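Hi everyone, thanks for making time today.

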Amino acid sequence: MPELPEVEVVRAGLERHVLGSTITRVDVLHPRPVRRDLRGPAGFAEALAGRRIEAARRRGKYLWLPLDNGDALLGHLGMSGQLLVQRPDAPDERHLRVRLALDDTAKEVRFVDQRMFGGLSVSAGGAELPPEIAHIARDPLDPEFDDEEFVRRVRRRASAVKRQLLDQNLVSGVGNIYADEALWRARIHGERPGERLTAKQVRELLGHAREVMLAALGEGGTSFDALYVNVNGESGYFDRSLHAYGREGEPCERCGTPMRRIGFMNRSSYFCPVCQPAPRRRRVPAVAPAGAPVPD
Ligand SMILES: [Zn+2]
């Protein structure tokens, strides 16, 4: 699944290659990726034809291209989506779903998606910020992200700190992998309640999340230019070094203890049981009176 740094690489690539171009024709080759557009495939195509692309923006893992009429082309890569800038004579990808032909005849934009959880839609009046995604929080790489407000909100909630890192209404773009890496670096167990952390701990955790994401962005950023006609959202995804994620049973790189994996929110959490001690449970009486309710 493309994570935020990969999506940022795609945004920057689109900004570089299609800014100022006018969409001349749209081919919807499969209806599913445009299902969120209530006009249907033909209406979707019609709403885009003749529009000039003014910018390439991002909020969390959503991308949008503001158009010259105040609308926007809104996109999400889902699990397997790719937005490619291709030469028009390049062979179609096997899972090509939508093609945007441009007045710059050396290039076209292609939406390729095998599993089709992602998609495209036209957001009416969405050039500045599509209303469909206005509820999504900024991400830690956004210059306008408010660190201190994030720290305050995390510490107001009893909810597990990892759950909060993955909450798109609080902070966007921190996927499961980055959350585990940031927690390992900060030596914090993901199940610790936000309200039990100090402001310093939450600040450090956020700093680590940002560093991990920036490092991934650095790797992906070089990939976009190198590939150009074959850009995709997964560049550099697996070759960055991971200290926690996917390392079950391998020694912690800090203390040598075998790393552990537990299920969390239908996914996996990887952590060091020594560097990242589990939260203390409420004390249970050694001998409970017969018939007494068991404390949770
Ligand atoms: Zn350790």
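Let me start with one term: a residue is called buried when its relative accessible area is under 20%, exposed when that value is over 50%, and partly exposed in between. What we have here is a predicted model, so please keep that in mind throughout.

Is R58 buried or exposed? Its relative accessible area is 13%, and because buried means under 20%, R58 counts as buried. You'll find R58 in strand β2, which covers residues 57-59. Beyond the neighbours within four places in sequence, R58 is in contact with L4, V7, E8, R11, L63, W64 and D139.

Now let's step back to the whole chain. It has 6 helices and 10 strands. Of its 296 residues, 51% count as buried. Taking contacts between residues at least 6 apart in sequence, 65% join residues at least 24 apart. The chain exposes about 14,200 Å², and carbon and sulfur atoms supply 50% of that area.

In which order do its strands come? It is an open sheet of 4 strands, ordered β2-β3-β4-β8, with antiparallel pairing. β2 and β8 are the edge strands, each pairing on one side only. From one strand to the next, the twist averages 25°.

β2 and β3 are antiparallel and pair over 3 bridges, and R59 has Y62 in β3 as its bridge partner. These two strands make a hairpin with 2 residues between them, and in that hairpin G60 takes a positive phi near 55°. β3 itself is mostly covered, with 4 of its 5 residues buried.

Moving along, 5 bridges join β3 to β4, again antiparallel. Here L63 has G75 in β4 as its bridge partner. The hairpin of β3 and β4 has 5 residues between the strands, and G70 takes a positive phi near 90° there.

α1 lies across β2 and β3, running at about 160° to β2. α2 lies across β4 and β8, at about 60° to β8.

Now for another sheet. This open sheet has 4 strands in the order β1-β6-β7-β5, and the pairing is antiparallel. Why is one side of β1 and of β5 left without a neighbour in the sheet? β1 (23-28) and β5 (81-86) stand at the edges and have a single partner strand each, so one side of each has no neighbour. The twist in this sheet averages 15° from one strand to the next. Within the sheet, β6 (residues 96-102) and β7 (residues 108-113) run antiparallel and are joined by 5 bridges; V98 stands opposite F111 in β7.

We meet the two helices again here. α1, residues 4-18, packs on this sheet and touches β5, β6 and β7, its direction making about 25° with that of β5. α2, residues 40-48, packs on the sheet too, touching β1 and β6, and its direction makes about 165° with that of β1.

Let's stay with α2 for a moment. Its buried residues include G40, G43, F44, A45, A47 and L48. What covers the buried residues of α2? The cover includes β1, β4, β6 and β8. After the helix comes G50, with a positive phi near 90°.

Last stop, the surface. M1, M79 and F117 form a nonpolar patch there, with about 260 Å² of accessible area together. M79 lies in the loop between β4 (72-76) and β5. Its relative accessibility is 32%, so M79 counts as partly exposed.

To recap, α1 lies across β2 and β3 and also packs on the sheet with β5, β6 and β7, while α2 lies across β4 and β8 and also touches β1 and β6.

Conventions
Residues numbered from 1 in each chain as written. Predicted model: local features only at pLDDT ≥ 70, side-chain atom pairs only at ≥ 80, totals over all residues. Heavy atoms only, no water. Pairing = 2+ DSSP bridges. Axes fitted to C-alpha atoms, helices over the stretch in contact; angles between N-to-C directions. Contact = heavy atoms within 4.5 Å. Patch = residues over 30% accessible without salt bridge, like charges linked within 9 Å, V, L, I, M, F, W, Y side chains within 5 Å. Areas by Shrake-Rupley, 256 points an atom, 1.4 Å probe, with all protein chains shown as cover. Salt bridge = Lys/Arg side-chain N within 4 Å of Asp/Glu carboxyl O. Buried < 20%, exposed > 50% of the residue type's maximum accessible area, 1.4 Å probe, protein only.
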